[in-house]
Amino acid sequence: MATTAPVTRPANPRFSSGPCAKPPTHTLAALSDAPLGRSHRAAEGKSKLKQAIEETRDILGVPADYKIGIVPASDTGAYEMAMWSLLGERHAEMVAWESFGAGWVTDVAKQLKIEHTVHTADYGQIVDMAALNYDHDVCFTWNGTTSGVRMANGDAIPADRAGLTLCDATSAAFAMDLPWDKLDVTTFSWQKVLGGEAAHGMLILSPRAVERLENYTPPWPLPKVFRLTKGGKLIDGIFEGATINTPSMLAVEDYLFSLKWAREVGGLQGLIARAEANAQAVFDFCDANDWIDNLAVDPATRSTTSVCLKFTDDRITDGAAFAKAIAKRLADENVALDIGAYRDAPPGLRIWCGGTVETSDIEAMLPWLAHAFETEIAAQTEAA
């Protein structure tokens with residue numbers, strides 16, 4: 001096999017699935033307007049936080065009667081806040097086809113200990129969403145960050161459901177069309193698709209979710225950072241920029257920059273197109289090489305952000321060691337950083353293809369992946 005190294009390197013080798021690459025035009029100087037050393041409760045801080053909420057609403061097309069709040073602890077904090085505040089009134093349908101969905105099952109089964117049914121699928125596959133009981137509350141991820149499998153659409157979710165749908169959309173928001181009429185709770189984090197700074201989560205509530213909050217009190221104690229109501233009424237300030245805890249105004253400024261950049265590339269549709277172009281470059285590469293394939297079994301459910309790959313060559317004797325060697329070689333060459341599969345996922349690679357990544361960088365990286373494969377196969381053969 002030819003093992004000559006490619007000449008061209010990606011301009012940006014950052015393909016991590018979280019924290020994700022910054023927008024291509026990002027500079028620290030762009031954050032100079034951040035009100036550092038100021039209270040987030042001062043007029044300027046509250047204005048910035050409210051702007052972040054309203055820009056999010058506008059770009060994502062969130063309905064006007066949905067509430068959007070900035071909450072602590074990233075997507076995990078936002079989703080757990082929703083589960084602990086809303087679940088327990090009725091049976092829960094827990095859907096898990098990757099590690100984060102499995103984590104939400106643990107919350108319900110071992111912490112909240114409420115009546116529930118668990119629906120699982122192997123990595124690379126997805127649960128049949130049409131088989132669920134939507135008179136129950138349904139908890140699921142839209143895009144499997146660790147499995148590379150996403151929901152193709154929300155058609156299986158009935159409009160006249162009695163239960164609530166709680167959607168972890170952290171690697172889908174700003175990269176995929178989300179059907180808001182099918183989602184009662186939606187969460188994501190800034191550090192995913194838009195490459196923002198960590199630790200802040202977004203919680204989006206439908207009117208049905210607000211109604212549940214104001215008419216149902218869970219039987220367990222709620223930590224202060226989880227409390228969304230007071231005296232049986234929604235704490236509206238949370239959804240107008242009065243955050244539960246102290247936010248980083250530098251991170252807020254960074255998120256505002258990312259939202260501004262999102263507008264410049266065509267808003268939501270522009271971001272979706274960028275992610276799809278990036279993912280398609282990887283899909284085409286897999287089609288052209290018989291030693292690598294998409295982990296997603298059904299092409300209709302392939303993620304366009306966290307693209308997960310598996311090696312299929314029969315000569316590979318230790319899949320985990322081989323994948324780690326490939327990832328290390330690409331990192332050492334500074335052509336692809338942080339692309340190893342998630343620790344709980346099958347051995348392979350995970351390439352972030354969200355809209356902040358340039359397609360030209362994906363295209364420059366892929367020949368290096370082929371070179372790394374050839375080099376590792378040759379080394380394995382020689383060692384044998």
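Predicted model: local features only at pLDDT ≥ 70, side-chain atom pairs only at ≥ 80, totals over all residues.

Me: OK. Is G163 buried or exposed?

Reply: G163 is buried, at a relative accessible area of 1%. You'll find G163 in the loop between β4 (137-141) and β5 (165-168). Helices (H or I, at least four residues) and strands (E, at least two) are DSSP runs here, numbered from the N terminus.

Me: What does G163 touch?

Reply: Leaving out residues up to four places away in sequence, G163 touches R90, Y134, D135, H136, D137, D184 and R208. Contact means heavy atoms within 4.5 Å. G163 and D135 are 28 residues apart in sequence, but their C-alphas are 4.7 Å apart in space.

Me: Zooming out, how many helices and strands does the chain have?

Reply: The chain has eight helices and 12 strands. Its radius of gyration is 21 Å, close to the 21 Å that the globule rule gives for 384 residues, so the chain is as compact as a globular protein of that length. That radius is taken over C-alpha atoms, and the rule is 2.2 Å times the number of residues to the power 0.38. Along the principal axes, the C-alpha trace spans about 70 × 50 × 30 Å.

Me: And what percentage of the residues count as buried?

Reply: 57% of the 384 residues. On the contact side, residues 24 or more positions apart account for 73% of the contacts with a separation of 6 or more.

Me: Which residues touch the most other members in the largest nonpolar core?

Reply: That core has 88 residues, and F140, W142, F174, F311 and L369 touch the most other members. Helix α6 (residues 267-288) gives the largest share of this core, 10 residues. There's also a second, separate core of 34 residues, with L112, L213, Y216 and F239 among them. A nonpolar core here is a set of buried Ala, Val, Leu, Ile, Met, Phe, Trp, Tyr and Cys residues joined through side-chain atoms within 4.5 Å.

Me: Switching to strands: how many residues of β7 are buried?

Reply: Six of its six, so β7 is largely enclosed by the rest of the structure. H200, M202 and I204 cover one side and G201, L203 and L205 the other, all of them buried. As a general point, side chains in a regular strand alternate between the two faces of the sheet.

Me: Which strand pairs with β7 over six bridges?

Reply: β1 (residues 67-72) does, in the antiparallel sense, with β7 covering residues 200-205. Two strands pair if DSSP finds at least two bridges between them. K67 stands opposite L205, and V71 has G201 as its bridge partner. Strand β6 (residues 185-189) also pairs with β7 in the antiparallel sense, over five bridges, and V185 stands opposite L205 there. As for cover, five of the six residues of β1 are buried.

Me: What about α2, how many of its residues are buried?

Reply: 11 of its 13. Helix α2 (residues 74-86) reaches 18 Å from its first C-alpha to its last, close to the 18 Å expected at 1.5 Å a residue; the expected span is 1.5 Å times one less than the number of residues. Just after α2, G88 takes a positive phi of about 115°.

Me: Where is N334, with its positive phi?

Reply: N334 sits in the loop between α7 (319-332) and β12 (349-352), and its phi is near 60°. N334 counts as partly exposed, at 44% relative accessibility. D338 lies in the loop between α7 and β12 too, with a positive phi of about 60° although it is not a glycine. D338 is exposed, with a relative accessible area of 57%.

How values were computed. Residues numbered from 1 in each chain as written. Heavy atoms only, no water. Buried < 20%, exposed > 50% of the residue type's maximum accessible area, 1.4 Å probe, protein only.
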